[in-house]
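Please take a moment to look over the sequence and the structure below.

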Amino acid sequence: MIDPSQLGKLHQASVLVVGDVMLDRYFTGDTLRISPEAPVPVVRVSNTEDRAGGAANVARNIAHLDGRTTLLGLTGKDTDGALLQKLLVTERVTSELIALDNARTISKTRIISRQQQMIRLDMEDVFAPAQARVLTDRFKALVSAFDTVIISDYAKGSLAYVQEIIQSARSAGKTVLVDPKSSDFTRYKGASVITPNLTEFRAAGGVDESEEQMLESARSLLHKAGIAAMLLTRSEQGMSLITPLEHHHYPAEVLEVADVTGAGDTVIATLGTLLSAGFELPKAAWLANLAAGIVVAKLGAATVSPEELAARASQQLSSKTSGYYPTTAQSLQHIEYVRAQGERIVFTNGCFDILHAGHVRYLAQARALGDRLVVGLNSDASVKRLKGETRPVNPLEDRIEVLEALACVDWVVPFGDDSAENDTPEQLIRKIQPHVLVKGGDYSVETIVGAEFVQQNGGEVKVLPLLQGRSTSGIITKVRG
């Protein structure tokens with residue numbers, strides 16, 4: 001298998017995403033009664049959210065995995081198109097969207113109550129071939145700057161010249177992945193990998209009544225279409241990677257499905273990012289399957305972070321730790337991503353030199369106050385200044401590894417390496433802007449570093465009790481006898 005630390009290379013990925021872009025809009029609220037006007041539930045909307053959808057969701061998945069990505073697609077010159085452009089900026093996706101006259105941006109509105117989708121409203125027109133020609137010509141001007149191309153086909157007309165796009169990419173030596181919509185896979189001749197789901201596979205003539213029939217029909221489709229490999233997503237049966245000579249099956253990795261929206265986007269985005277970063281196809285497919293398991297357990301068109309993927313891979317490999325530690329800049333970027341998805345961020349800090357039961361209980365209690373826990377960790381130089389010349393007992397790298405092994409900890413971010421002025425986490429707190437700031441022991445809210453800033457920004461400050469008789473100093477004293 002793989003060393004999960006390899007996921008630290010994902011920033012090397014360079015992926016051009018081309019296809020049908022759209023705006024996904026979510027209205028969520030509770031349902032308490034049936035309408036007196038018709039036998040339909042009344043949803044009292046309490047929250048609205050706009051997200052990048054379609055090919056744009058593929059691109060944002062790549063960005064959340066630290067890959068470098070550019071999105072090429074068509075929109076109208078309208079408010080939805082302008083909003084989509086702004087969303088891509090916040091997602092750190094480079095936009096090459098072409099705004100057209102006499103066209104409207106594709107949008108899909110989902111009404112959700114009690115974590116169930118009630119109805120979806122689609123507003124769209126199919127783009128004309130002349131409009132698709134503009135996109136194709138722009139693709140040819142961009143493709144040389146990327147290692148990998150992902151074609152996201154939702155049959156909205158943007159890819160009327162998809163064969164021309166594929167041949168242009170292959171002539172430039174690029175790996176080409178296709179998420180198909182057409183039942184005629186020959187439309188995608190020359191692609192490196194195609195990623196149909198079961199419905200698309202069956203529509204194209206695939207048979208899956210048995211494993212033998214599935215393999216035979218898949219290879220027949222690949223041969224007929226001139227495509228090198230297929231990653232077939234099979235719902236609760238997992239995924240199958242099929243080539244003319246090989247077959248790898250990956251069982252489903254999710255126990256409870258919350259929402260399958262965008263799962264196919266996550267699969268092809270993860271696969272493309274990993275291939276671009278130098279992973280072999282079977283290993284990339286295995287990790288893409290893990291990513292799908294993570295994302296379908298979340299509500300809405302969610303994404304996967306490198307930390308989540310590394311942790312899941314480590315679980316599969318029976319490893320104690322992920323072996324992947326993001327840089328401070330990457331951590332801050334990933335934290336900002338989960339904030340944008342509405343997750344509640346908790347922050348605490350300390351030296352955590354010799355981790356003991358008091359620490360573990362405290363960190364678990366802190367994590368229970370939100371969705372994600374960030375631990376600010378004093379650097380070795382900072383610990384020495386605060387605790388004396390004999391500390392720390394364990395170096396920074398070891399302390400990070402131990403903390404990252406705890407299920408309740410999402411990120412460990414070091415601080416205090418420069419000077420005594422940085423021995424407090426004040427600057428780190430200002431960068432992270434947590435919803436909840438937590439300290440333990442005999443602190444009062446007034447004496448906690450960063451408390452005033454957090455409160456001024458609408459956050460909470462909590463003081464948690466420590467487990468009596470458990471301390472690093474006590475352990476050191478006991479060991480020394």
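**Strands, surface and charges**

M123 lies in strand β7, which covers residues 116-123; strands (E, at least two residues) and helices (H or I, at least four) are DSSP runs numbered from the N terminus. The model is a predicted one, in which local features need pLDDT of at least 70 and side-chain atom pairs count only at pLDDT 80 or more, while totals for chains, interfaces and linings use all residues. Residues are numbered from 1 along each chain as its sequence is written, and side-chain values use heavy atoms, with hydrogens and water left out.

M123 counts as partly exposed because its relative accessibility is 34%; buried means under 20% relative accessible area, exposed over 50%, and partly exposed in between, with a 1.4 Å probe and protein chains only. Together with M118, I119 and L121, M123 forms a nonpolar patch on the surface, and the accessible area of these residues is about 330 Å² together. Patches are made of residues with over 30% relative accessible area and no salt bridge, where nonpolar side chains (Val, Leu, Ile, Met, Phe, Trp, Tyr) are joined within 5 Å and like charges within 9 Å. Accessible areas come from the Shrake-Rupley method with a 1.4 Å probe, and for residues only the protein chains shown count as cover.

Strand β11 (residues 229-233) pairs with β12 in the antiparallel sense over four bridges; two strands pair if DSSP finds at least two bridges between them. Within this pairing, M230 stands opposite I242. The two strands β11 and β12 form a hairpin with five residues between them, and S235 in the turn has a positive phi of about 55 degrees.

Strand β12 also pairs with β13 (residues 247-250), again in the antiparallel sense and over four bridges. Here the bridge partner of I242 is H247 in β13. A hairpin through four residues joins β12 to β13.

Attention now turns to charged side chains. Side chains of opposite charge can pair when their charged atoms come close. A salt bridge is a side-chain nitrogen of Lys or Arg within 4 Å of a carboxyl oxygen of Asp or Glu, and by this rule the count comes to 31 salt bridges.

One of them joins E49 to R51, with the closest N and O atoms 2.9 Å apart. E49 counts as partly exposed because its relative accessibility is 22%, whereas R51, at 8%, counts as buried. The charged end of R51 also sits over the ring of Y26, 5.6 Å from its centre; a charge sits over a ring if NZ of Lys or CZ of Arg is within 6 Å of the ring centre and within 35 degrees of the ring normal. Likewise, the charged end of K9 sits over the ring of F279, 5.7 Å from its centre.

A further salt bridge links R372 and D410, whose closest N and O atoms are 3.7 Å apart. Because R372 lies in strand β15 (residues 372-378) and D410 in the loop between α13 (396-404) and β16 (411-415), the pair ties together parts that are 38 residues apart in sequence. Both R372 and D410 are buried. Finally, K108, R120, D122, E124 and K156 are linked in a network of salt bridges.
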